[in-house]
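Thank you all for making time this morning. I would like to walk through one model with you, element by element, and I will give the cut-offs as the terms come up.

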Amino acid sequence: MRSNRRRLIHSVALPGLFVSLALSACAPPPDPPLPPALRGADVSLPADLRLISARVFPGATMASLLRGNQIGQSEVAALVARAASLFDLPRVRVDQPYRLARAFDGALRWFEYEIDADRLLKIARTRDRPLPEFVAEIVPIEKKSRTVTVRGAIGTDADSLVAAMDQAGETIDLSLALAGIFASDVDFNTDLQRGDTFELVVEKLYREGNQFAGYGPILAAELHNDRRRLRAVRFQPEGASAGYFDEEGRSLRKFFLRSPLKFEPVITSGFSGRRFHPVLHTYRSHQGVDYRAPTGAPVVAVASGTVVFAGVNGGSGRMVHLRHANGFESQYLHLSSIAVRSGSRINQGDLIGRVGSTGLATGPHLHYALKRNGLNVNPVAVHRAMPPGDPIPSGDALRFADARERAFASLGATALTAESGVSPPPEASR
Ligand SMILES: [Zn+2]
């Protein structure tokens, strides 16, 4: 997963896959198919308790974990029964931490298991006789958040967003979050160049013991790319979910992404009314665009919608057909694999499949077609012409202005926080 995500951001060289246009050409699309906190430390430990802290081993169940720690059979049974009322026991996950406290006579006092990054299963003994009895609860793992400023620059030793973020002491998750914010305006694989800078304010989450536990949302971001400055502020309009907006309060989320491919979207065959078909050797129209891309490259939904068809369809090979709002439909042909099912809802940017050469195609490429009200349209032109995103509702204008002032004030601060750990880029920003 992670290596795939990394590929989205790093530029990918395509070594000689395409000798000529003809190699990556394809058949015209057919008619669309028919729709079908850990709080262990707050327990004061009497001197006769032994504390054990370990991780779930492969193949373990909760019962085998407990027996492996010399907990008696009757206690294991009572504990498992209590936990089963809250939690799906067969599914203790490999490598998740657990802790338990055991008296020297072997009696279990308490047991804690981290279900995931956010939830902790806690079980504590309440009674010894006549039978051991336990209470169980699932509690949130406590995290503290710290708001930090992170700055980076694209340069000779950091030639991608991921590399620059790494240099700033942050992880790929933050790169993906930043790329996601500006996805409609910037192709982070082809548009970034030396000298570009970014600055962002983000919440970092920490667990007990100052242990980094992931990022909260990016609160504000600024990107200097070529000669343009892009800014984003996170804001939650009344009655809607939080999103990112530019300084004028326009949503940064456009109806379409720039392209269904995350990197190097080079068009090898454009949309046209008349074209010589390299396989059929006839003149036929080309009702879409061919993007050159290597087999396996991720293909994502250009807009949110519903999967009308996902499967094999003659000369189109493995294909996905999506229906969107406003009368739009998009089709993705010749895929090597499909990641969605007919009838399911998908969001803009979701993986729908991978580039291939199935069907009537002479080499790996993506044929991408767009329809509006049933008619094929030139996707490149339509994507480019998309108007800016929806504006903030007027009732939210004052609240937005306030959020924006605060966000960009913290971006402008020159003092670096301890976490960001990188010097401001030369010629910084504004
Ligand atoms: Zn094509």
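Helices (H or I, at least four residues) and strands (E, at least two) are DSSP runs, numbered from the N terminus.

Before going further, a word on provenance. This is a predicted model, in which local features need pLDDT of at least 70 and side-chain atom pairs count only at pLDDT 80 or more, while totals for chains, interfaces and linings use all residues. Residues are numbered from 1 along each chain as its sequence is written.

As an overview, the protein has seven helices and 23 strands, and of its 430 residues, 35% count as buried. By buried I mean that 20 or more other C-beta atoms lie within 10 Å of the residue's own, whereas exposed means 12 or fewer and partly exposed is in between, with C-beta atoms placed from the backbone.

At the β10 end, strand β9 (residues 228-235) is joined to β10 by three bridges, and Val233 has Phe245 as its bridge partner in β10. Between β7 (197-207) and β8 (211-225) there is a loop that holds Asn210, whose phi is near 60°, a positive value in a residue other than glycine. Asn210 counts as exposed because it has 8 C-beta neighbours inside 10 Å.

That brings me to the packing. In soluble globular proteins, nonpolar side chains tend to be buried together. A nonpolar core, as used here, is a set of buried Ala, Val, Leu, Ile, Met, Phe, Trp, Tyr and Cys residues joined through C-beta atoms within 7 Å. The largest such core has 69 residues, and those with the most contacts inside it include Leu178, Leu200, Ala221 and Val320. Domain 2 (144-254 + 390-412) and domain 3 (258-385) both give residues to this core, so it lies between them; the domain bounds come from an automatic or database domain assignment. Leaving aside neighbours within four places in sequence, Leu178 is in contact with Leu161, Phe198, Leu200, Ile218 and Ala221. There is also a second, separate core of 17 residues, with Leu66, Leu79, Leu100 and Phe111 among them.

Next, strand β22, residues 365-372, which is mostly covered, with seven of its eight residues buried. How many bridges join β18 to β22? Six bridges join strand β18 (residues 328-335) to β22, and the two run antiparallel; Phe328 finds its bridge partner in Arg372 of β22. Strand β14 (residues 289-292) also pairs with β22 in the antiparallel sense, over four bridges, and Arg292 has His365 as its bridge partner there. With β23 (residues 375-377), β22 makes three bridges, again antiparallel, and Leu370 stands opposite Val377. These two strands, β22 and β23, form a hairpin with two residues between them, and Asn373 in the turn has a positive phi of about 50°.

I will finish with two exposed sites. Asp95 sits in the loop between α3 (73-84) and β2 (97-103), has a positive phi near 80°, and is exposed because 9 other C-beta atoms lie within 10 Å. Ser53, in strand β1 (residues 49-55), is likewise exposed, with 11 other C-beta atoms within 10 Å. Ser53 and Arg99 are 46 residues apart in sequence, yet 4.3 Å apart in space, C-alpha to C-alpha.

Terms used
Two residues are in contact if their C-beta atoms, placed from the backbone, lie within 7 Å. Two strands pair if DSSP finds at least two bridges between them.
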